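This report describes the architecture and packing of a single protein chain.

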Amino acid sequence: MPKIDDRTVTERLPDMHAIGMYLEYAEIGEPPFAVMEASNAPGKALAEYRHRLNRARRRAVRDRMQELVTKVDTLLPQLLADVPRDSLEHLEDARVTQLDTAIAEIE
């Protein structure tokens, strides 16, 4: 799996011998904590990986949203600087397309 925040899943599934030991522990009435921990380790590692992946995804989306909002905040005043407030004319400017694209992506 690709690394996220310099971490990846390294845990392996327990082998059949370890699972067989679980049954042996059960036969003698002793709790097989070490075997249970080993069998749960891959699931815990995957849960942590999923958490890190979701956090990285949210960070990427947040950063992109900040870029787009900054773009809109910059372009809109530039486009409307010389336009009268009550004007109904259609703006003919290449930046209008950039503005439309940024707003569409935000939506």
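A residue is counted as buried when its relative accessible area is under 20%, and as exposed when that area is over 50%. In this predicted model, buried residues account for 15% of the 107 residues in the chain. The chain exposes about 8800 Å², of which carbon and sulfur atoms supply 55%.

The secondary structure consists of three helices and zero strands, giving the pattern α-α-α along the sequence. Of the contacts between residues at least 6 apart in sequence, 62% join residues at least 24 apart.

The largest nonpolar core comprises seven residues: Leu-68, Val-72, Leu-75, Leu-79, Val-96, Leu-99 and Ala-102. Helix 2 (33–80) and helix 3 are the elements that contribute two or more residues to this core, and helix 2 gives the most, with four. Leu-79, a member of the core, touches Leu-91, Asp-93, Arg-95, Val-96 and Leu-99, leaving aside residues up to four places away in sequence.

Helix 3 spans residues 94–106 and has 13 residues. Its end-to-end reach compares with expectation as follows.

| Span of helix 3, first C-alpha to last | Value |
|---|---|
| In the model | 19 Å |

Within helix 3, Val-96, Leu-99 and Ala-102 are buried. These residues lie on the same side of helix 3 because they cover an arc of only 130 degrees around the axis. The face turned away from this buried side carries the exposed residues Ala-94 and Thr-97.

Technical notes:
Residues numbered from 1 in each chain as written. Predicted model: local features only at pLDDT ≥ 70, side-chain atom pairs only at ≥ 80, totals over all residues. Heavy atoms only, no water. Expected span 1.5 Å × (residues − 1). Buried < 20%, exposed > 50% of the residue type's maximum accessible area, 1.4 Å probe, protein only. Arc of directions from axis to C-beta. Core = buried A, V, L, I, M, F, W, Y, C linked by side-chain atoms within 4.5 Å. Contact = heavy atoms within 4.5 Å. Areas by Shrake-Rupley, 256 points an atom, 1.4 Å probe, with all protein chains shown as cover.
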